[in-house]
Amino acid sequence: VPGAPVIKRASPLKAVFADSEAMKKRARMALLKPQFQVESLYHTTGIAQKIARSSAFEISTMAAIFLNAIWMAIDADHNKANFLADANPVFQVAENAFCTYFFLELLIRFCAFKAKRDCLKDKWFVFDAVLVFMMVCETWVLTAIILEAKDVGVGLNLGSMSMLRMVRMVKMLRISRMARLLRGLPELFILLKGMKAASRSVLVFMVLWLIIIYIYALFVRIIAGDKVEWFSSVPGSIQVLIEEGVLPKHSRLFREATKEVGELWPVLLSFVMVASVLLMNMLIGVLVEVVSAISSTEKDGIQVMALATDLQEVLTGLGYNIHEHVFNEKDIEKLVAEGEFARVVSQAGTDVVAFAEMGHTIFEDRCGEEVRFADLLDLIHNMRGSNPAQVKDIKSSVRAIKAAVKESEHAMYTMVLEELNELRVDLHEVKMMAHDLKMAAAAEEEEEEAEEETEKQ
């Protein structure tokens, strides 16, 4: 309608908490797509592709990355020089060794590509290429420029803050090579995916957390006025509430570290929130899950042991040698009729009637094979009502339903066939009776005609 207000459809709100079913669906769809394998882009012959495909090459690279990360800690503690050219020879040798290895590693991988432009399709190669480029600039290019300037006698303002910040940034970015270790430890990848899936939920709670802190900071600032030094300003009140109220265990760390360098406060806050709050709570969740799994396993083992003991006593009392005897379908039918066997099966949580009805299906799954004591024990244990349903259980149920339908169909066919035979017999008798009646009526008509002719004569 002209002039009518346009009603916009509300955009659906994203769920605050992670939807496990949606995540599983996205994972399945991702797995259905062709998986990227960088080895498919390599040459099929040659030294470079052979080295790049080898597991020893991958392991040595992971070891070099790990050692380089440790060396960065040693360098940060003991190397006081701002530039490699002014450092101790030990640091120079180590830096050049790491730079040489990573450069050669990247070169070998580059040479292994059949089409060199395909290297851009490998995200790990592009990531490593950027890091190696910065490492080469810092270790070789910048050092060569400094040494050449000293030989020529040209003065460079190497102590400027911008230059120092750039060098420090390059050194800090080097630690990002540790991300490649995730390829060798998929468990870390799972934890990172968990953190990513929970990021929206955590962000929502963080916003609510900051809102509450801000509101209380305003309250304490207004109430305290200038009487309390801690609450002399709203930003100061927020800082105090976070350090002393929310994270009291780390308040001394915040105070001591930020006295000289105030920029450390957001860095330390992010570290505490990620390492102490987020990861520790994830660790608690993982430990609870592991303890729950172990408890379930131990409880299951105790139940199996008790079932095995009771079943062994019952079968031995019935004259079965559990070490040598093999059970067939007829044995199962006899055992179900025994009261003690039915009692043991019921105590294990298995429906005796269902176990008896599924006997035919059990042996059908085994293609008619006989089962021993351990197999019988496993069958009883797996048919407990408390067990979660699995695909094989559904298949067994479908097979049992098909068998029941087939038996019912056969019984119904037999019954209908018998009734049809009886009906055929009855119809034949009726037909014979009708024939006899017809013949009798014809005979009577003939007699009447004969009598009429006699009377006329």
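# Notebook: burial, salt bridges and rings

Entry 1. Buried stands for a relative accessible area under 20%, exposed for over 50%, and partly exposed for what lies in between, with a 1.4 Å probe and protein chains only. The model is a predicted one, in which local features need pLDDT of at least 70 and side-chain atom pairs count only at pLDDT 80 or more, while totals for chains, interfaces and linings use all residues. Residues are numbered from 1 along each chain as its sequence is written, and side-chain values use heavy atoms, with hydrogens and water left out.

F102 forms an aromatic pair with Y101, edge-to-face, with 5.9 Å from centre to centre and 75 degrees between the planes. I noted the rule: rings of Phe, Tyr and Trp (its six-membered ring) pair if their centres lie within 6.5 Å, and planes under 30 degrees apart are stacked, over 60 edge-to-face, and the rest tilted. Y101 is partly exposed, at 28% relative accessibility.

**Entry 2. Other rings.** I found nine aromatic pairs in the structure. In one of them, the rings of W71 and F91 have centres 5.5 Å apart and planes at 45 degrees, so this pair is tilted. The pair links distant parts of the chain, as W71 is in helix α3 (residues 55–78) and F91 in helix α4, 20 residues apart. Helices here are DSSP runs of H or I with at least four residues, numbered from the N terminus. W71 is buried with a relative accessible area of 13%, and F91 is buried at 10%.

I also listed one aromatic cluster, formed by Y42, F110, F113 and F125. K116 lies over the face of F110, 5.6 Å from the ring centre. A charge sits over a ring if NZ of Lys or CZ of Arg is within 6 Å of the ring centre and within 35 degrees of the ring normal.

**Entry 3. Salt bridges.** How many salt bridges does a search of the whole structure find? I got five. The rule asks for a side-chain nitrogen of Lys or Arg within 4 Å of a carboxyl oxygen of Asp or Glu.

R109 forms one with D128, where the closest N and O atoms are 2.8 Å apart. R109 lies in helix α4 (residues 89–112) and D128 in helix α5, so the pair ties together parts that are 19 residues apart in sequence. R109 and D128 are both buried. They belong to a network of salt bridges that links E105, R109, D122 and D128.

D118 forms another with K121, with the closest N and O atoms 3.4 Å apart. D118 is buried at 13% relative accessibility, whereas K121 is exposed at 51%.

R343 and E340 also meet in a salt bridge, at 2.9 Å from N to O. They are three residues apart in helix α13, and so separated by about one helical turn. R343 is partly exposed at 37% relative accessibility, and E340 is partly exposed at 45%.

**Entry 4. Two helices with two sides.** In helix α12 (residues 329–337), I found D331, I332, L335 and V336 buried. Seen down the axis of α12, these residues fall within an arc of 135 degrees, so they line one face of the helix. The arc is that of the directions from the helix axis to the C-beta atoms. K330, E333, K334 and A337 are exposed on the other side of α12.

In helix α13 (residues 339–347), the buried residues are F341, A342, V344 and V345. Their arc, seen down the axis of α13, is within 160 degrees, so they too line one face. G339 and Q347 are exposed on the other side of α13. After α13 comes G349, whose phi is positive, near 95 degrees.

Entry 5. T139 is in helix α5 (residues 123–152) and is buried at 3% relative accessibility. Which residues is T139 in contact with, leaving aside neighbours within four places in sequence? I found L84, E95, N96 and C99. Contact means heavy atoms within 4.5 Å.

T350 lies in the loop between α13 and α14 (352–357) and is buried at 4%. Not counting residues up to four places away in sequence, T350 touches V345, F355, I380, M383 and R384.

**Entry 6. Cysteines.** I counted zero disulfides, a disulfide being a pair of cysteine sulfur atoms within 2.5 Å. C137 is in none, and the nearest cysteine sulfur, that of C99, is 9.3 Å away. C137 is partly exposed, with a relative accessible area of 27%.
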